Amino acid sequence: MSESLESSTRESQLGIACAVQNEPGKVITLILTYALSYILHFILKSLSQPRIVSEILVGMTLGSIKKIRLFFDPNTLTTINFIAEFGMICYTFVLALEMDPYVLLKPPSQDALIAYCGMAFPFLLACGITPFLHFFNRSSIGFTLLFSFILSGTSSHILTHLVTSLRIGKSDIGRLVHIAGVHTDMMSVLLICIGYLFFPPLFHATDVQDFAISALKTSTMTAALHLQIVFTASVSPIFVNWINNENPDGKSMQGPHLVISIAFMVMVCCASPLYGYSPMLSAFMAGLFLPRYGRISRWAVGKINYLLTTLYYPLFTFWAGYAADLSKIDVKGWAIWGRLLVLLVITIFGKMIGVVIGGTLFTFPWRESVDIGLLLSSKGYFQLFLTTTASLNRIISRTTNCMMITVILITVASTPSIVKQIIKRARKRSPTHPRKLQFLDRSNELRLLAGLHGLQNIASTINFMELCSGNTDPGIVVYSMDMIELTEQIAATLVRQEGTDTVTVTDPDVVNMREEITGRLQAYVDEKGTGITLRRMLALSTFNNMAQDICGLAEELKVQLLVLPFHKIRREDGTRGSAMSMDMSKSAGSFHVAVIFIGGRDDRESLAYASLVAKHQRVKLTVIRFLLDDNADNEASRSINNYRVNVAAQEADMKLDDECFADFYERYIAIGHVAYREKHLANSAETYTTLRTLDEDYKLIIVGQGMGSVNTVLTAGLSDWQQYPELGPIGDVLSGSDFSPTSSILIIQQHYFRGDLDGMDDEFSA
């Protein structure tokens, strides 16, 4: 008796000594896991690879090294298993929190039908093929269905990050892939949740008694899950709305409310697991019926996603790599490669064929359907967790687990190259000339991006919308963009979100301003009735980066006209020119507009815009053309070489001017629809004098910027005393403080084509 006691004591002491001896190795391994994951991600980021690729590679490699495996005793592995399961509970909770289950009660949209077609075909393939290739240690209907859902599912979390980071999130195909991915993910996990009730993975019935126990257990779990769903769907909106009302945006969250909110979320997630249901799937069902909108939901999603990305994912992939143990996989036989090929065919080509079939319902081009299918085949952490758990519970073999991890890695790593092909084809289809009003197809709608600094720009924006909508067929699309400078105060109120729109400004002043702008613009559009489609945008950037971000947005939206208020010239009431500060749609009488045409591509563009304005019934348009007086003794013309004029370029530009003006004259002036005046001038001094004596009855004066044109005698020297060079020589003169205070100035610069876009970082619509 004493000898056995001493023996057991020595064994326990030896175990404790080994555990203590292995502690430094565990710590070093975990630090190495995090460090290598971040380093490899930094390297692969240049190839547009997402973080999950580097994490899987590091986890699989470290988890298969024999010396590292010796550091981890069963107790430590149990702890890591618990962390992996708890982290996946949090993952499924926030995954569901960003989904809307009530869309399933509505007629399926185009995106949903594409998602369901892309899911159904690989699911049927997997159900029909996998049972015969010995992927499972023991075959059953439940295992087959679970495996099929894994192969046919999509990781919307990973796909959203990929589409956003690769900058196709706001394109048509990007939006479709994002929404279809969410539909697929929600449907596949929802069906797994339902299947768990009828096919518990660790319960194997062998006789009548076992079937009776299984039926009773299923009934209990079903009732508990049903009560959890009803409680969450009915009580949580009331609770969450109360929390949100007590903690408005822009103020700090109250501590007690934060604690109560966390306790409520834990409570609704833990109801059904008390009766044997999966905690992970229970968290998904709870998150699915919690309100998605509001401050507390945004807070939960932001905080949990931050913890998952920073701490959980590297440890999770190490856990998956440890369970896989590549060192024990025999890769010499042809059978393993054949079964891997079958899994790839089911996952990738099955999804692709399903989407192509669904795309035929909407006449999608087959190449775009193939790309959508390839993108929707992306897998992620949830699928990795299911396959690893199935391997640990000996439902599938270690070899099958490694093959599934390989499939997950391939589907994610191939996404950047697929997106690259999408962008490449989009560039080939893009027009070879820039987006100019001069080349606008009159049968297509005009796309206008109007920037607003604040409430003082609402009236002028409405007037531009009114001027451009003179002809309601085919109409205009107006993107009204609030330009908010990113200051430290604004940055402190930003709320990070998942998806293509990544941040929300919660500053009360900004929120109130945007709501008032939206209300007044929408009121005008509703009163107008038809012809105008209004869409709201937000440009949030530092002052130095604002111009670049706005230009990128304009190119992405493919607008033909970008209108920005000039921020340096303001009257006491914050406006520039009282004419555009009054609502044109509500004022009586004619609206007099003048266009000054001297020459150059910007003036040709201003003439093109004038042709749109001329269609408005209340607009009285006058074109004033400045021509060089050849009979005058012009000293400036003799010294024009001082300005280094390219004579050939000037002659080519003048030819284009004459052709453009002749076309405009024939279409509008010759029939008396537009008034015409000529000014024969000898030099830039006479140009300046003529501009100063323009009729004050003009409410709006349209001029070209003229910065990109070849210098002419009529503008030579005006730039020498410019106060605002960015307005151009004519615009700078007209913007002077001694010019007519009742006139507004519109300065137009033609879009200059810089050639083909280079690299995947260029923003444009795919």
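1. In this predicted model, helix H4 and helix H15 (residues 381–392) pack with their axes 11 Å apart, at an angle of about 145 degrees. The crossing of H4 and H15 is left-handed.

2. On the H4 side, the residues that meet H15 are Asn81, Ala84, Glu85, Met88, Tyr91 and Thr92. Their partners in H15 are Tyr381, Phe382, Phe385 and Leu392. By class, the contact of H4 with H15 has seven nonpolar residues, two polar and one charged.

3. H4 itself covers residues 74–97, which makes 24 residues. From first C-alpha to last, H4 reaches 35 Å, close to the 34 Å expected at 1.5 Å a residue. At the start of this helix, the backbone nitrogen of Asn75 has a side-chain oxygen of Asp73 within 3.1 Å.

4. H4 also packs against helix H12 (residues 295–324): the two axes come within 8 Å and cross at roughly 140 degrees. H4 passes H12 in a left-handed crossing.

5. From H4, the contact with H12 draws on Leu77, Ile80, Asn81, Ile83, Ala84, Gly87, Met88, Cys90, Tyr91, Phe93, Val94 and Leu97. H12 contributes Ser297, Ala300, Val301, Ile304, Asn305, Leu308, Tyr312, Tyr313, Leu315, Phe316, Trp319 and Tyr322. The residues of this contact divide into 20 nonpolar and four polar, with no charged ones.

6. Taken together, the two lists share some residues of H4. Asn81, Ala84, Met88 and Tyr91 meet H15, and Asn81, Ala84, Met88 and Tyr91 are also among the residues that touch H12. Glu85 of H4 is listed in the contact with H15.

7. The structure holds 25 aromatic pairs. One of them joins Phe82 and Phe86, whose rings are stacked, with 6.4 Å centre to centre and 15 degrees between the planes.

8. Why are Phe82 and Phe86 separated by about one helical turn? Phe82 and Phe86 are separated by about one turn because they are four residues apart in helix H4. An α-helix has 3.6 residues a turn, so residues three or four places apart point the same way.

Notes
Residues numbered from 1 in each chain as written. Predicted model: local features only at pLDDT ≥ 70, side-chain atom pairs only at ≥ 80, totals over all residues. Heavy atoms only, no water. Expected span 1.5 Å × (residues − 1). Polar contact = N/O pair within 3.5 Å; in protein donor to acceptor, adjacent residues only side chain to side chain. Axes fitted to C-alpha atoms, helices over the stretch in contact; angles between N-to-C directions. Left-handed = near helix turned anticlockwise from the far one by under 90°. Contact = heavy atoms within 4.5 Å. Nonpolar A, V, L, I, M, F, W, Y, C, P; charged D, E, K, R; others polar. Phe/Tyr/Trp six-rings, centres within 6.5 Å; stacked < 30°, edge-to-face > 60°.
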